[in-house]
Amino acid sequence: MPTYFDPHIHMVSRTTDDYQNMAAAGITGVIEPAFWQGQARTSLGSFVDYFDTLVGWERFRASMFGIHHFCTIGLNPKEANNYGLANEVLDILPRYLVKDGVVGVGEIGYDDITPEEDRFLALQLELARQFDLPVLVHTPHRDKIGGTKRTLAVIREVGIAEDRVLIDHLNELTLPLVLDSGCWRGHSIYPNTKMSEQRMVALLQQYGTERMVVNSAADWGVSDPLKVPKTADAMRQAGFSEAQVEQVLFHNPVDFFAQSGQLDKAAVATLLPIDQRRKWQDNSALRGQEPVVR
């Protein structure tokens, strides 16, 4: 079976069925970026609990279905505009950036392209440089061209190495801007919006596979956690070789985040052994069902 890696998916929003279906489709590993949860957090404690979930329970829950789970930790741009709370969050980020399974800073970037977002993007890029971690950058849904240009400008102002930065949610208008940089190029494949599998294939045909990364960005909204293997099917139908499919949908994302030193490429090439008898803080996702061991 082909092997895939989804480098941007919000599994706290998904069900155990999604993990099972992803593993069956060939997805052996995921990266879960910290992000906005649909409504604003109102206290530092809510961030602490959320970050703890990403490095703890959710990593355990993925392992129950054989999937390697990693995360990136950061202050989402939408929440950077609560200036006081954002400063508190920034103070606790260093304690999480050194934890097992944390492979980058993210997702950070722009939402409304405000001065506050400017400030916290630059500060978190500097944190990534200090902790020698890759960075996952979110480009805005509105004024995508302006936001992408400003993102590249701040990256250069901070001076972080561009090959340590993955700029995500690109499309036909913003990808050419990133191609002129040393940054990696991320694309989120979504039902009806963002990028479709067919549009992604057209970009790969035009620009090639180097540093091109594909993800599902599946979350609590209308999204699909199987968009990475579905993109693989579209690539094959368009005449891409198995080696090219594997390059884009496994090697590229793994090579980028392996720069963290927290991700072993050989290990994530296969599913984890499953032992559902294990528990996390005396809890299990099985809810009394017969545990699988294999």
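This is a predicted model: local features need pLDDT of at least 70, side-chain atom pairs count only at pLDDT 80 or more; totals for chains, interfaces and linings use all residues.
## Strand 5 and its burial

Strand 5 spans residues 135–138. Both of its faces are covered. Val135 and Val137 sit on one side, Leu136 and His138 on the other, and all are buried.

## Pairing with strand 4

Strand 4 covers residues 102–109 and runs parallel to strand 5. Three bridges join the two. Within this pairing, Ile108 has Val137 of strand 5 as its bridge partner. Between the strands, the chain passes through helix 5, residues 115–131. This β-α-β crossover is right-handed.

## Pairing with strand 6

Strand 6 takes in residues 165–168. It pairs with strand 5 in the parallel sense, over four bridges. Here the partner of Val137 is Ile167.

Helix 6, residues 144–158, belongs to the unit made with strands 5 and 6. That β-α-β unit is right-handed.

## Ser196

Ser196 lies in a loop. Strand 7 (184–188) is on one side of that loop and helix 8 (197–207) on the other. Ser196 counts as buried because its relative accessibility is 19%, and the cut-off for buried is under 20%.

The side chain of Ser196 has a polar atom 3.1 Å from the backbone nitrogen of Arg199. Lys227 is 31 residues from Ser196 in sequence. In space, their C-alpha atoms are 8.9 Å apart.

Note on methods: Residues are numbered from 1 along each chain as its sequence is written. Side-chain values use heavy atoms; hydrogens and water are left out. Buried means under 20% relative accessible area, exposed over 50%, partly exposed in between (1.4 Å probe, protein chains only). Two strands pair if DSSP finds at least two bridges between them. A crossover is right-handed if, with the strands pointing away from the viewer, the path from the first strand over the helix to the second runs clockwise. A polar contact is a pair of N or O atoms within 3.5 Å; within protein, one must be able to donate a hydrogen and the other to accept it, and residues adjacent in sequence count only if both atoms are side-chain atoms.
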